[in-house]
Amino acid sequence: MKKLINKPEDVVTEELQGVALAYPDVVKVHFDPNFVYRADAPVKGKVALISGGGSGHEPMHGGLVGVGMLHAACPGQVFTSPTPDQMLEAAKMVHGGAGVLYIVKNYTGDVMNFEMAADMARAEGIKVANILIDDDAAVKDSLYTAGRRGVGTTVLAEKICGAAAEKGYDLKKVADLCRKVNINGRSMGMALTSCTVPMAGKPTFDLPEDEMEIGIGIHGEPGRKRMKLKTADEITEMLALSIIEDEAYTRTVREWNGEEWADVELVDPPFQRGDQVLAFVNSMGGTPDIELHILYRKLHEICEKKGLKIVRNLIGPYITSLEMQGCSITLLKMDDELIELWDAPVKTPGLRWGM
Amino acid sequence: MPITTVDVLGCLRKMADVIHENKEFLTDLDAAIGDADHGINMDRGFQTILKKLPSVEDKDAGTILKTAGMTLVTSVGGAGGPLYGTAFMQAGMAVAGKHELEAEDLLAILDAALKGVVMRGRANLDDKTMVDAITPAVAAMREALGNGAGTANALEQAAAAAEKGMKDTIPMLAKKGRASYLGERSIGHQDPGATSSYLLIRTMAEMAQEKE
């Protein structure tokens, strides 16, 4: 293992110490329990957005905290869900009286920890809604798996819902918006190389020099299939078509209905000719910008051919998997509301425009 | 002879040793079908329990187990934290206020732990999870006690059933957690959660054995 670290067990703490020193005008860092929060928190009268997950996906989530995006982020150990005490203390720190929305990526650990945290926060009198992001089209079925994983759409949901909270949407409206973003977004990723979790010290999986894994998650989970390496154009086409031609996806998620946890059936509508989309080409951490733009060039051509109009884009490493080489593509169906919220000012360490 | 709180504390310390010894083994099992952190996370949790135990040494078994559960919830993370944390907290509630535990209490502990895991994780039998090790253990212990077995013997049968349940996860197709994304490729690997559950139940059995 070759990494710019001191001791594997100190990676998360030392990273957070660096973040606190680097962006004091944007975020503060609370230690033990660990969370990153807006420097101006709590924002009175506005819904507070909190997300979190294992570390190793930076800038998501800690680098996406700031005006117009998240109010707090709870980092776990590398690739390990954070714990309910972090999420509870973060909620107490940032809630401004209008409730808290937990944005939760659909991984078994994250879901259970955030459900426990929501129960604990409610016991303290804080209004909480949990919305799951499960947009990974690589997972075909929800019956025999834990369902689609939360990947690229998470970043887009955090930006759009952060703008809505800033605008004064109430908790129910922000939660509804987050659900709407989730069901209209789909992603697909691939890996050229594995990554190495610092504490594990060796690559999570073996991938021969001439092979790639299609449909990979963001923790080095194996994907849909392993195959011989192809060209950038062929890979882009495989990822894009998996998203664009994906049929309606139905699953049951657990949401708090105000009184109890209840099962809710959600359906992702398929893309249709004439849709406006946001195209997000993401690096898994080890793939450089130069390659991302080669992918974007082909993605643009495919979308045109399929009758999808790209109205906004995001290109770069935003939801990563340590030093993994690879990429993911996310397409989110946009409407006027989403475009306006996407364009709203944002000031976080990892994403900034308009201010 | 009933199990005392001193035995419960000793058992938790022994569990921490066993998890520590098996840290790499559990992590390697997890690397095959999950995200290679189960041993690391469990070890962090049980090492934290070791630090918390001195503060509850004079408390009842229920409080000791609930403290262990809360410690796991706040220090393990991943899926293991809420699952094992809930298991230990529910187990603690099952023996709240007690300073001495009879065989029936130990069964109640295992049964409450299982119910907690099922409530939190919503897994069914044969989904290739912890449930596949704990369910047969509870059934075996209940049957053994019904047949008049003593505490150590009943727990030994529970541990044997958990071991079989753990091995039975090898040919299973995972339907919960990260392993479920592997589909057919999850077949042929032993579930790390079922393995840690077996190790903990085995440690309980050894505690009862030494007591006799």
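Q: Which residue is the bridge partner of A:L278 in strand 13 of chain A?

A: In this predicted model, A:L278 is bridged to A:R312 of strand 13 of chain A.

Q: Why is strand 12 of chain A described as largely enclosed?

A: Burial is read from the number of neighbours, with 20 or more other C-beta atoms within 10 Å as the cut-off. In strand 12 (residues 276-283) of chain A, seven of the eight residues are buried, so the strand is largely enclosed by the rest of the structure.

Q: How is a helix read, taking helix 5 of chain A as the case?

A: An α-helix has 3.6 residues a turn, so residues three or four places apart point the same way. Helix 5 of chain A covers residues 171-184, which is 14 residues. From first C-alpha to last, helix 5 of chain A reaches 20 Å, close to the 20 Å expected at 1.5 Å a residue.

Q: Into which domains is chain A divided?

A: Chain A is split into domain 1 (11-184 + 250-269) and domain 2 (187-244 + 272-334). Their C-alpha centres lie 23 Å apart. The contact takes 21 residues from domain 1 of chain A and 26 residues from domain 2 of chain A.

Q: Which elements give two or more residues to the domain 1 side of that contact in chain A?

A: They are helix 4 and helix 5 of chain A. Helix 4 of chain A supplies the largest share, four residues. By type, the residues on this side of domain 1 of chain A are 11 nonpolar, six polar and four charged.

Q: How is the largest nonpolar core read, and which of its residues touch the most other members?

A: In soluble globular proteins, nonpolar side chains tend to be buried together. Here the largest nonpolar core has 179 residues, and A:I50, A:L101, B:A137 and B:A158 touch the most other members. Helix 6 (residues 103-121) of chain B gives the most to this core, 10 residues. Domain 1 and domain 2 of chain A each provide at least three residues to this core.

Q: Which residues does B:A137 touch, leaving aside those up to four places away in sequence?

A: B:A137 touches B:L110, B:A158, B:A159, B:A161, B:A162, B:G165 and B:I201.

How values were computed: Residues are numbered from 1 along each chain as its sequence is written. Chains are lettered from A and ligands numbered from 1 in the order in which they are written. This is a predicted model: local features need pLDDT of at least 70, side-chain atom pairs count only at pLDDT 80 or more; totals for chains, interfaces and linings use all residues. A nonpolar core is a set of buried Ala, Val, Leu, Ile, Met, Phe, Trp, Tyr and Cys residues joined through C-beta atoms within 7 Å. A residue is buried if 20 or more other C-beta atoms lie within 10 Å of its own, exposed if 12 or fewer, and partly exposed in between; C-beta atoms are placed from the backbone. Domain bounds come from an automatic or database domain assignment. Two residues are in contact if their C-beta atoms, placed from the backbone, lie within 7 Å. The expected span of a helix is 1.5 Å times one less than its number of residues. Ala, Val, Leu, Ile, Met, Phe, Trp, Tyr, Cys and Pro count as nonpolar, Asp, Glu, Lys and Arg as charged, and the others, Gly among them, as polar. Two strands pair if DSSP finds at least two bridges between them.
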